[in-house]
Amino acid sequence: MRLTALAAVSLLAVAAAGCTNETLDSFDKVDVDITKVSKKTDYQLSSAVLGKLSSMNIDRSSPMMLRIFKEEGRLELWKADRSNRYRLVRNYKICAWSGKLGPKMKEGDRQAPEGFYPLSRANLNPNSSYYLAINTGFPNGFDRANKASGSHLMIHGACSSSGCYSMTDEQMVEIFAFARDAFNGGQSTIQLQAFPFRMTAENMARHRDNPNIEFWKMLKVGYDHFELTKRPPEVNVCEKKYVFNQQADKPFSPAGACPAMTTPAALEVALDSYNKTYAAAHAKAMQKYGGTVWVEPSEAQRKAIVADQRKGRELAYAPTGNSLDAGKLMTAREIAEQKRKAEEAEKRKVEAAERAVREAEEAKLAAEQAKIKETEALAADVAAEKVEKQARGAGALPVPEENPGLAAVEKKEAKPFWKFWSDRAEPRKAEPVAGVTRQVEHDAGRQAAQKTQTTAVATKPAAGADALPMPEGNPDVQVVEKTAEKPFWKFWQK
């Protein structure tokens, strides 16, 4: 730390120890008409703002500092006056911040950073998708030494946050203009201090049970230094811890051992007096909050209390409210009762879910059984209908009626093949032909003689005992046959 800075500290330490925030010098209303801003990066601070700075003995291009308090949902803008003492010139209401109180530890945890971050001109982002943005520089040396991860953690417009500090576009264009003017005035880095709450004795006592309390006690040292000196502290990291306004002969290593360090004498004296006053206030606050616990609200609970602010706006506009309005102090008994009710509610929820599953399974089983019964009933109806049709002769296969002609043929006695022609109709008598009639008569006489002779032969014993009997001749057939055997030379005889 430079000797000139030490001299300033020694002169201001005692007077500053009793100072409070210069709330009377702050003003929150932003008189920016965003519809009239043609080029957002060239926006010039209004005459009202410049007039206020002039009345506070502050130059337009003087150095500046940003300070954030999550619990209150506030972003403070401080600028150095001509005596190099920083004064509060703006106290903006943060539109949205995500997560809960506590540092950001890993990508995607929705936590907004807490700690000390140096911002250079390169951290300004004029092309942000959220109007304008200033990168917080997370992770810094402390974050990296403690294995914290994350990227693109911003202060930006659009009033929508997922690990960032989001302002309205009107606020953002003014903050951007303040930073631009400070860099143009020669400031190399703007210090961003991000705290969970104001590090007062009462707030530290109220949050004493929070798991982040040791981390916050470390940040409180830097907070106290600024409260005493009204100048941004010199920040270093060693042994994975922040150290403030420490003089050392060797460089600091974030993960390495801290070198031998000393605190400027004047600052040490001022801190000793400050800490005694703080200790008394803290003891009193511990008595006040004894037996109680501050219940930190969730992001959803914070959003619920400012839900009306979203009316008539785009869905992307998502103010979150502050933790002071949404959180509450509770006694151990109240917490136990709340826990019991929460457990009972969770039990009922689980039972309801199990009952719903059981009822769904039962309904499914009942539906399957009903379907089976329906199928069985349908099959029974089909069978009954079939029986009924058969009973009345409908639907049965037809039995063919007896075919009289086929039956007569089947019942007729078989007769020897030689009688096959005996039942045939009388053959048609041929018309007498001249010259043929006398021959027929002559042949008939001869056939009669042969018949007598054949009969006599047939009555003779057969040559063998088993000789078959000769069938009787068919006179009709024989007549026909004999007629057909007339020599062809007699055919034309008359």
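**Close-up views of a predicted model**

**View 1. The aromatic cluster.** One aromatic cluster is formed by Phe 69, Phe 116, Phe 142, Phe 195, Phe 215, Tyr 223, Tyr 242 and Phe 244. The model shown here and in the other views is predicted. The count of aromatic pairs comes to 12. One of these is the edge-to-face pair of Phe 116 and Tyr 242, with 5.7 Å between the ring centres and 65° between the planes. Phe 116 belongs to strand β5 and Tyr 242 to strand β12 (residues 241-244), so this pair ties together parts that are 126 residues apart in sequence. Phe 116 has a relative accessible area of 4% and is therefore buried; Tyr 242, at 6%, also counts as buried.

**View 2. Strand β5 and its partner.** Strand β5 (residues 115-119) is mostly covered, as 4 of its 5 residues are buried. It pairs with strand β10 (residues 190-195) in the antiparallel sense, over 5 bridges. Within this pairing, Phe 116 has Gln 193 of β10 as its bridge partner. In a regular strand, side chains alternate between the two faces of the sheet.

**View 3. The disulfide of Cys 95 and Cys 159.** The structure contains 2 disulfides. A disulfide is a covalent bond between the sulfur atoms of two cysteines. In this view, Cys 95 is joined to Cys 159, with an S to S distance of 1.9 Å. The link is left-handed, with -75° about the S-S bond. Cys 95 lies in the loop between β3 (86-93) and β4 (96-97), and Cys 159 in the loop between β8 (154-156) and β9 (165-166), so the pair ties together parts that are 64 residues apart in sequence. Both Cys 95 and Cys 159 are buried.

**View 4. The disulfide of Cys 238 and Cys 258.** The sulfur atoms of Cys 238 and Cys 258 are 1.8 Å apart and form a disulfide. This link is right-handed, with 90° about the S-S bond. The pair links distant parts of the chain, 20 residues apart: Cys 238 is in strand β11 (residues 235-238), and Cys 258 is in the loop between β13 (247-248) and β14 (261-262). Cys 238 is buried, with a relative accessible area of 0%.

**View 5. The nonpolar cores.** The largest nonpolar core has 65 residues, of which Leu 75 and Ile 155 touch the most other members. Helix α4 (residues 169-184) supplies the largest share of this core, 9 residues. Beyond its neighbours within four places in sequence, Leu 75 is in contact with residues including Leu 66, Ile 68, Tyr 92, Ile 155 and Met 167. A second, separate core of 6 residues includes Met 65, Ala 80, Leu 88 and Phe 226.

**View 6. Charged groups over rings.** Arg 206 lies over the face of Trp 294, 4.5 Å from the ring centre. The charged end of Lys 230 sits over the ring of Phe 226, at 5.9 Å from its centre.

**View 7. The surroundings of Pro 297.** Pro 297 is found in the loop between β15 (292-295) and α8 (299-304). With 1% relative accessibility, Pro 297 counts as buried. Apart from its neighbours within four places in sequence, Pro 297 is in contact with Lys 100, Arg 302, Ser 323, Ala 326 and Gly 327. Its C-alpha atom is separated by 8.7 Å from that of Leu 324, 27 residues apart along the chain.

Conventions: Residues are numbered from 1 along each chain as its sequence is written. This is a predicted model: local features need pLDDT of at least 70, side-chain atom pairs count only at pLDDT 80 or more; totals for chains, interfaces and linings use all residues. Side-chain values use heavy atoms; hydrogens and water are left out. A disulfide is a pair of cysteine sulfur atoms within 2.5 Å. Helices (H or I, at least four residues) and strands (E, at least two) are DSSP runs, numbered from the N terminus. Buried means under 20% relative accessible area, exposed over 50%, partly exposed in between (1.4 Å probe, protein chains only). Contact means heavy atoms within 4.5 Å. Two strands pair if DSSP finds at least two bridges between them. A nonpolar core is a set of buried Ala, Val, Leu, Ile, Met, Phe, Trp, Tyr and Cys residues joined through side-chain atoms within 4.5 Å. Rings of Phe, Tyr and Trp (its six-membered ring) pair if their centres lie within 6.5 Å; planes under 30 degrees apart count as stacked, over 60 as edge-to-face and the rest as tilted. A charge sits over a ring if NZ of Lys or CZ of Arg is within 6 Å of the ring centre and within 35 degrees of the ring normal.
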